[in-house]
Amino acid sequence: MVPFPIVHRDDWLCAIHKPSGLLVHRTTLDRHETRFAVQMLRDLLGCHVHPVHRLDRGTSGVLLFALDRDIARALGAQFEAALVGKRYLAIVRGHPPAGGTIDHPLRRPRDDYELELPDVAEGEPQRAVTHYRRRAIAELPHVVDRYPSSRYALLELEPETGRRHQIRRHLKHASHPVIGDATYGKGRHNRLFARLFGSDRLLLACVELRLTHPATGEPLVLAAPPADDFVRVIDALGWDQALTGR
(Lines give C-alpha, C1' and ligand atoms only; values in the text may rest on other atoms or scores of the structure.)
Protein backbone atom coordinates (compact mmCIF):
# COMPACT_ATOMS: atom_id res chain seq x y z
CA MET A 1 0.00 0.00 0.00
CA VAL A 2 1.36 3.44 -1.01
CA PRO A 3 1.82 5.44 2.23
CA PHE A 4 0.90 8.76 0.58
CA PRO A 5 -0.27 9.99 -2.84
CA ILE A 6 2.38 10.68 -5.46
CA VAL A 7 1.73 14.12 -6.96
CA HIS A 8 4.48 13.97 -9.60
CA ARG A 9 7.22 11.56 -10.63
CA ASP A 10 9.80 11.73 -13.40
CA ASP A 11 13.48 10.80 -13.81
CA TRP A 12 14.64 13.73 -11.66
CA LEU A 13 11.87 14.64 -9.22
CA CYS A 14 9.21 13.16 -7.02
CA ALA A 15 6.53 15.12 -5.20
CA ILE A 16 4.23 13.59 -2.61
CA HIS A 17 1.13 14.72 -0.74
CA LYS A 18 2.46 14.60 2.82
CA PRO A 19 -0.18 13.90 5.46
CA SER A 20 -0.40 15.98 8.62
CA GLY A 21 1.58 14.42 11.46
CA LEU A 22 4.34 12.90 9.32
CA LEU A 23 7.87 14.18 9.93
CA VAL A 24 10.02 14.85 6.87
CA HIS A 25 13.04 13.19 8.51
CA ARG A 26 14.45 12.34 11.92
CA THR A 27 14.54 15.21 14.42
CA THR A 28 14.80 15.83 18.14
CA LEU A 29 11.06 16.60 18.16
CA ASP A 30 10.17 12.96 18.71
CA ARG A 31 12.97 10.55 19.46
CA HIS A 32 10.54 7.62 19.45
CA GLU A 33 9.11 8.31 15.99
CA THR A 34 9.99 5.63 13.45
CA ARG A 35 8.16 6.88 10.34
CA PHE A 36 9.66 9.64 8.21
CA ALA A 37 8.74 10.82 4.73
CA VAL A 38 12.34 10.53 3.47
CA GLN A 39 12.69 6.92 4.57
CA MET A 40 9.22 5.92 3.40
CA LEU A 41 9.71 7.43 -0.07
CA ARG A 42 13.19 5.94 -0.36
CA ASP A 43 11.77 2.50 0.44
CA LEU A 44 8.91 3.01 -1.99
CA LEU A 45 11.09 4.14 -4.92
CA GLY A 46 14.15 2.02 -4.11
CA CYS A 47 16.58 4.93 -4.44
CA HIS A 48 17.98 7.86 -2.48
CA VAL A 49 15.74 10.94 -2.23
CA HIS A 50 16.66 14.47 -1.21
CA PRO A 51 14.03 16.82 0.30
CA VAL A 52 14.52 20.31 -1.15
CA HIS A 53 12.20 22.30 1.13
CA ARG A 54 10.41 21.89 4.45
CA LEU A 55 6.91 21.30 5.69
CA ASP A 56 6.25 21.32 9.41
CA ARG A 57 5.12 18.05 10.90
CA GLY A 58 1.53 19.27 11.23
CA THR A 59 1.34 20.80 7.75
CA SER A 60 0.01 18.64 4.96
CA GLY A 61 0.46 19.08 1.23
CA VAL A 62 3.01 19.15 -1.57
CA LEU A 63 6.48 18.01 -0.52
CA LEU A 64 9.14 17.92 -3.23
CA PHE A 65 12.17 15.62 -3.44
CA ALA A 66 15.08 15.47 -5.86
CA LEU A 67 16.35 12.08 -6.98
CA ASP A 68 20.02 13.09 -7.17
CA ARG A 69 22.29 15.64 -5.52
CA ASP A 70 22.78 17.87 -8.58
CA ILE A 71 19.04 18.29 -9.03
CA ALA A 72 18.71 18.89 -5.29
CA ARG A 73 21.28 21.71 -5.49
CA ALA A 74 19.53 23.28 -8.48
CA LEU A 75 16.15 23.19 -6.75
CA GLY A 76 17.65 24.48 -3.52
CA ALA A 77 18.99 27.46 -5.43
CA GLN A 78 15.49 28.23 -6.75
CA PHE A 79 14.02 28.12 -3.25
CA GLU A 80 16.89 30.22 -1.88
CA ALA A 81 16.37 32.86 -4.59
CA ALA A 82 12.60 32.96 -3.92
CA LEU A 83 11.89 31.74 -7.46
CA VAL A 84 9.42 29.07 -6.32
CA GLY A 85 5.79 30.10 -5.97
CA LYS A 86 4.05 28.58 -2.95
CA ARG A 87 0.34 28.58 -2.18
CA TYR A 88 -1.19 27.48 1.12
CA LEU A 89 -4.64 27.22 2.68
CA ALA A 90 -5.21 27.83 6.38
CA ILE A 91 -8.15 28.01 8.76
CA VAL A 92 -7.56 30.83 11.21
CA ARG A 93 -9.16 32.51 14.17
CA GLY A 94 -11.07 35.72 13.52
CA HIS A 95 -12.09 37.58 10.37
CA PRO A 96 -9.00 39.11 8.72
CA PRO A 97 -9.39 41.76 6.02
CA ALA A 98 -10.35 40.54 2.54
CA GLY A 99 -6.71 40.58 1.52
CA GLY A 100 -3.37 42.00 2.44
CA THR A 101 0.32 41.52 3.12
CA ILE A 102 2.04 40.71 6.39
CA ASP A 103 5.48 42.30 6.24
CA HIS A 104 7.12 41.44 9.54
CA PRO A 105 10.79 40.43 9.97
CA LEU A 106 11.40 37.15 11.78
CA ARG A 107 14.34 35.87 13.78
CA ARG A 108 15.61 32.41 13.02
CA PRO A 109 14.20 29.99 15.61
CA ARG A 110 15.89 26.80 16.64
CA ASP A 111 15.96 24.28 13.79
CA ASP A 112 13.71 21.38 14.76
CA TYR A 113 15.17 19.41 11.87
CA GLU A 114 18.65 19.33 13.37
CA LEU A 115 19.72 16.54 15.69
CA GLU A 116 22.12 18.69 17.71
CA LEU A 117 20.86 19.53 21.17
CA PRO A 118 22.44 22.98 21.79
CA ASP A 119 20.24 25.92 20.92
CA VAL A 120 20.82 27.61 17.59
CA ALA A 121 21.49 31.34 17.82
CA GLU A 122 18.56 33.33 16.50
CA GLY A 123 20.57 36.23 15.10
CA GLU A 124 19.13 39.36 13.54
CA PRO A 125 15.54 39.52 12.23
CA GLN A 126 15.27 38.58 8.55
CA ARG A 127 12.86 40.03 6.00
CA ALA A 128 9.65 37.99 5.87
CA VAL A 129 6.63 38.74 3.68
CA THR A 130 3.38 36.79 3.32
CA HIS A 131 0.52 37.75 1.02
CA TYR A 132 -2.98 36.49 1.80
CA ARG A 133 -6.54 36.50 0.50
CA ARG A 134 -9.62 35.64 2.49
CA ARG A 135 -11.64 32.87 0.85
CA ALA A 136 -14.49 32.36 3.34
CA ILE A 137 -15.69 33.31 6.83
CA ALA A 138 -17.90 31.70 9.47
CA GLU A 139 -19.23 32.55 12.90
CA LEU A 140 -20.01 29.80 15.41
CA PRO A 141 -22.41 30.22 18.37
CA HIS A 142 -19.78 29.18 20.89
CA VAL A 143 -18.17 31.33 23.57
CA VAL A 144 -14.41 30.88 23.54
CA ASP A 145 -12.92 34.24 24.40
CA ARG A 146 -14.82 37.24 25.77
CA TYR A 147 -17.25 37.35 22.83
CA PRO A 148 -20.65 35.58 22.59
CA SER A 149 -19.61 33.82 19.36
CA SER A 150 -16.40 32.73 17.65
CA ARG A 151 -15.23 33.82 14.22
CA TYR A 152 -13.07 31.89 11.78
CA ALA A 153 -11.79 32.30 8.23
CA LEU A 154 -10.31 30.32 5.38
CA LEU A 155 -7.22 32.04 3.97
CA GLU A 156 -5.17 31.50 0.84
CA LEU A 157 -1.57 32.49 1.48
CA GLU A 158 1.50 33.01 -0.69
CA PRO A 159 4.72 33.49 1.26
CA GLU A 160 7.16 35.66 -0.67
CA THR A 161 10.04 34.61 1.57
CA GLY A 162 10.74 31.26 3.19
CA ARG A 163 11.52 31.79 6.87
CA ARG A 164 11.06 29.02 9.41
CA HIS A 165 7.40 28.66 10.46
CA GLN A 166 6.77 31.90 8.55
CA ILE A 167 3.05 31.53 7.89
CA ARG A 168 2.28 30.34 11.40
CA ARG A 169 4.33 33.10 13.03
CA HIS A 170 2.98 35.79 10.73
CA LEU A 171 -0.61 34.79 11.42
CA LYS A 172 0.07 34.83 15.14
CA HIS A 173 1.57 38.31 14.74
CA ALA A 174 -1.60 39.40 12.90
CA SER A 175 -3.77 37.98 15.75
CA HIS A 176 -5.25 35.36 13.42
CA PRO A 177 -3.41 32.18 14.43
CA VAL A 178 -3.89 28.92 12.57
CA ILE A 179 -6.37 26.57 14.22
CA GLY A 180 -4.69 23.47 15.57
CA ASP A 181 -1.34 25.21 16.10
CA ALA A 182 -0.13 24.09 19.52
CA THR A 183 2.90 26.40 19.40
CA TYR A 184 1.64 29.69 17.99
CA GLY A 185 -2.12 29.24 18.29
CA LYS A 186 -4.83 29.42 20.94
CA GLY A 187 -5.56 26.26 22.91
CA ARG A 188 -9.20 27.11 23.56
CA HIS A 189 -9.97 27.43 19.85
CA ASN A 190 -7.98 24.30 19.07
CA ARG A 191 -9.99 22.38 21.65
CA LEU A 192 -13.27 23.70 20.22
CA PHE A 193 -12.40 22.35 16.76
CA ALA A 194 -11.40 19.02 18.27
CA ARG A 195 -14.74 18.81 20.08
CA LEU A 196 -16.98 20.04 17.25
CA PHE A 197 -15.25 18.54 14.23
CA GLY A 198 -12.92 15.86 15.60
CA SER A 199 -9.96 17.83 14.21
CA ASP A 200 -6.73 17.71 16.18
CA ARG A 201 -4.39 18.62 13.32
CA LEU A 202 -2.77 21.88 12.24
CA LEU A 203 -5.17 23.31 9.67
CA LEU A 204 -2.48 24.45 7.26
CA ALA A 205 -1.81 22.88 3.85
CA CYS A 206 0.60 23.53 1.00
CA VAL A 207 -1.66 23.12 -2.03
CA GLU A 208 0.66 24.27 -4.84
CA LEU A 209 4.29 24.79 -5.81
CA ARG A 210 5.29 26.59 -9.02
CA LEU A 211 8.87 26.25 -10.23
CA THR A 212 11.14 25.74 -13.22
CA HIS A 213 12.01 22.10 -13.82
CA PRO A 214 15.76 21.92 -13.16
CA ALA A 215 16.38 19.36 -15.92
CA THR A 216 14.02 20.44 -18.72
CA GLY A 217 13.76 24.17 -18.03
CA GLU A 218 9.98 24.00 -18.41
CA PRO A 219 7.51 25.55 -15.94
CA LEU A 220 6.18 22.97 -13.51
CA VAL A 221 3.10 23.26 -11.30
CA LEU A 222 2.71 20.73 -8.50
CA ALA A 223 -0.74 20.79 -6.93
CA ALA A 224 -2.57 18.79 -4.29
CA PRO A 225 -6.03 19.53 -2.88
CA PRO A 226 -6.41 19.74 0.90
CA ALA A 227 -6.34 16.34 2.60
CA ASP A 228 -9.59 14.62 3.57
CA ASP A 229 -9.23 15.54 7.26
CA PHE A 230 -8.86 19.21 6.25
CA VAL A 231 -11.78 19.06 3.81
CA ARG A 232 -14.08 17.62 6.49
CA VAL A 233 -13.60 20.78 8.56
CA ILE A 234 -14.08 23.00 5.50
CA ASP A 235 -17.34 21.20 4.70
CA ALA A 236 -18.53 21.40 8.32
CA LEU A 237 -18.04 25.17 8.23
CA GLY A 238 -20.04 25.44 4.99
CA TRP A 239 -17.05 26.46 2.91
CA ASP A 240 -17.11 23.72 0.26
CA GLN A 241 -17.81 26.27 -2.50
CA ALA A 242 -14.74 28.27 -1.47
CA LEU A 243 -12.48 25.54 -2.85
CA THR A 244 -13.97 25.57 -6.35
CA GLY A 245 -12.76 29.03 -7.40
CA ARG A 246 -9.84 31.34 -6.83
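I began with S60, which stands opposite A205 in strand 9. I note that this is a predicted model, in which local features need pLDDT of at least 70 and side-chain atom pairs count only at pLDDT 80 or more, while totals for chains, interfaces and linings use all residues. Residues are numbered from 1 along each chain as its sequence is written, and side-chain values use heavy atoms, with hydrogens and water left out.

Strand 9 (residues 204-212) runs parallel to strand 4, with two bridges joining them. Strand 2 (residues 13-18) pairs with strand 4 in the antiparallel sense over six bridges, and there L13 has A66 as its bridge partner. Strand 3 (residues 50-51) is also antiparallel to strand 4, over two bridges, with P51 partnered by F65. In strand 4 (residues 60-66), seven of seven residues are buried (under 20% relative accessible area, with exposed over 50% and partly exposed in between, 1.4 Å probe, protein chains only).

Next I checked ring pairs of Phe, Tyr and Trp (its six-membered ring), with centres within 6.5 Å and planes under 30 degrees apart as stacked, over 60 as edge-to-face and the rest as tilted. The count comes to two aromatic pairs. Y152 and F193 have ring centres 4.8 Å apart and planes at 75°, so I record them as edge-to-face. Both Y152 and F193 are buried. F193 and F197 are edge-to-face because their planes stand at 70°, with centres 5.1 Å apart.

Notes. Helix = DSSP H or I, 4+ residues; strand = E, 2+ residues; numbered from the N terminus. Pairing = 2+ DSSP bridges.
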